[in-house]
Amino acid sequence: MDDVLSSCLNAEGMSAQCVYDKINQELETDGDRYKDLGSFTAVQMNPQARQLVMDNMGINLINQNEFPQTTKIHQILVTTLATLLHAPDQQQVTGCSTSGSSEACAIAMVAHKGRWKERAALTDRPNIVLGSNAHLCWRKFATYFDIEVREVVFKDFNQYPLEDMLSLVDQNTICVVAVMGSTYTGFCEPIKAINDGLTELNQRHGWNVGIHVDAATGGFIRPFIDDSSLPDWDFTLPLVQSINLSGHKYGLVYPGIGWLILRDETILPDKMNMTASYLTGETQSFAITFSRSSALVIAQYFNFLFYGIAGYKAVIANCLKHAKQLTSVLNKLDGIKVISEQTLPIVAFLLEDDTGELSETFTAQLKQKGWLIPCYMMPSNIKQKVMRIVIREDMTNARLDELIQDICEVHAR
Ligand SMILES: *Cc1c(COP(=O)(O)O)cnc(C)c1O
C-alpha cells in the first residue's frame, strides 16, 4: 500500500448512484472472498438471512427496553448455546453476544481475574496458563489487564504437554485456557485430560483453578460431529467454567459476532454486570461494547431456526469430507506433509526441508491464480513454516477441484 492517501470528504457530495459505482469499482481490486482460504469467517448467507440483516442494521442491541423481543431472542440464543454445550443447569447459565471471540475472551479473562481476586492476597500477582498455540488475543489482553502469561511450549504439532502445563499452575492461576481448534493447525487440545489432571492438582493443594475453553472455531463444529470416540470437552467436564465461540466462523453468520457462555452466575463477579439507566429503563450488560447492531444476533437466530441440528451436521459433514479429500491429495504430493489431525475441517501442511522460501514461493504462485493461503511460523519450539486452508461452508465441489488442480500444477513446477 504505497499510495499517497488523501481525505475523501470533499466540499460537495455526489449522487448515491455515482458513489455506489465508484466504491464497487474500487473494491474490485480486493481478493476473491471465496478463494480466501485462510479465513475462518462466513462469507455468504442465505437471501432471507441477508434481508433480516438489512432490516435490523438500525436496531441497537443495547436498547433492551425499547426492543424487548430482540432482547428475548438474544436470551434464547444464550440458552440454546448453553444447551448445545451441555451446561448442567440452563437456569443458572449466563452469557452474551460479543463482537467476536476476542471480545468474549477479554470478558472471560476479566471475570476469572475478578474471581481470583476475591481469594487472593494483596501482594499476589495473577497468571494465566495457556498453550503456545493459543490465539494472540490472549497475550494481548493479558498485557492489557496485567496478568502474567505462563506458556506451555509445544514440542510437536499434535502433542499437548500436559505435565508441563500442570507444573505451571499455582494458587494464583486465574484459569487454564484450553483451545478447541487451534488457529494455526486446527489441533484440539485434550480438554478431558486437562480437566482430570487439574482436578487432581486442585485436590492435592486445596486450589480452585478452572478451565476456560476457547472454542472460537470448534464450538460450532464439535457438537455437530457424531463420534462417540471423541472425548468430552464442554460443560460436561466439571472444571470447564466458561466457553467462547465465534458465531461468525462455523456459526455461519457474517463477521461481527461471537459468544461467551458461563457455566453459572458465580463465575461473573457482581461488579461486572453493570446496569445503565439513561435509556427508557434499566439495561444490564457485561459485554465490553455498548452500541452494536442487533442484525447479526438476528442472523444467528435465523441460522439456528433454518439449519436445525440436522442442517449444521450436514454442513460440517460436507466440510470434513472436503478436508479429507484435500488432505489425501496433498499427502500424495512429494515433499508435502499434512500436519492437521482432521478432527476439524482445517488442513494445515508444510513443505519438508523448507527453510522458509519454498512455502513463500508456493503460496505466491497460488496467489497468482487467485488463491489466498497464509504461510506462517509456528509460535512454539517447532521451527517450521506452516500453511493453512480452512474448509468453510461456501467451498463447493467445483471450487475444490479447481484448487486441487492448481495446487498439483504449482507443485509440479
Ligand atoms: C478466531 C479465533 C479467535 C479470535 O476470534 P474472533 O472471533 O476473530 O475475534 C480466538 N481464538 C481462536 C482459537 C480463534 O480461532
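Buried means under 20% relative accessible area, exposed means over 50%, and partly exposed lies in between (1.4 Å probe, protein chains only). By that scale, aspartate 146 is partly exposed, at 49% relative accessibility.

This is a predicted model, in which local features need pLDDT of at least 70, side-chain atom pairs count only at pLDDT 80 or more, and totals for chains, interfaces and linings use all residues. Residues are numbered from 1 along each chain as its sequence is written, and side-chain values use heavy atoms, with hydrogens and water left out.

**Salt bridges**

A salt bridge is a side-chain nitrogen of Lys or Arg within 4 Å of a carboxyl oxygen of Asp or Glu. The whole structure holds 14 salt bridges.

| Pair | N to O distance |
|---|---|
| Glutamate 402 – lysine 35 | 3.4 Å |
| Arginine 125 – aspartate 146 | 3.2 Å |
| Glutamate 148 – arginine 150 | 3.0 Å |

Arginine 125 bridges to aspartate 146. This pair links distant parts of the chain, 21 residues apart: arginine 125 sits in the loop between α4 (101–119) and β2 (127–131), aspartate 146 in the loop between α5 (136–144) and β3 (148–152). Helices (H or I, at least four residues) and strands (E, at least two) are DSSP runs, numbered from the N terminus. Arginine 125 is partly exposed at 43%.

In the bridge between glutamate 402 and lysine 35, glutamate 402 is partly exposed at 33%, whereas lysine 35 is buried at 13%. Glutamate 148 is partly exposed at 27%; arginine 150 is buried at 19%.

**Ligand site**

The residues around the ligand (a heavy atom within 4 Å) include Ser101, His135, Asp214, Thr217, His248 and Lys249. Polar contacts are pairs of N or O atoms within 3.5 Å; within protein, one must be able to donate a hydrogen and the other to accept it, and residues adjacent in sequence count only if both atoms are side-chain atoms. A backbone N or O atom of serine 101 comes to 2.8 Å from a ligand oxygen. For the side chain of threonine 217, the distance is 3.3 Å.

Histidine 248 lies in the loop between β6 (240–246) and β7 (258–262). Histidine 248 is buried, at 10% relative accessibility. A polar atom of its side chain is 2.8 Å from the backbone nitrogen of glycine 256.

**Another loop**

Threonine 185 occupies the loop between β4 (173–179) and α7 (191–205). Threonine 185 is buried at 3%. Its side chain reaches the backbone nitrogen of phenylalanine 187 at 3.2 Å.
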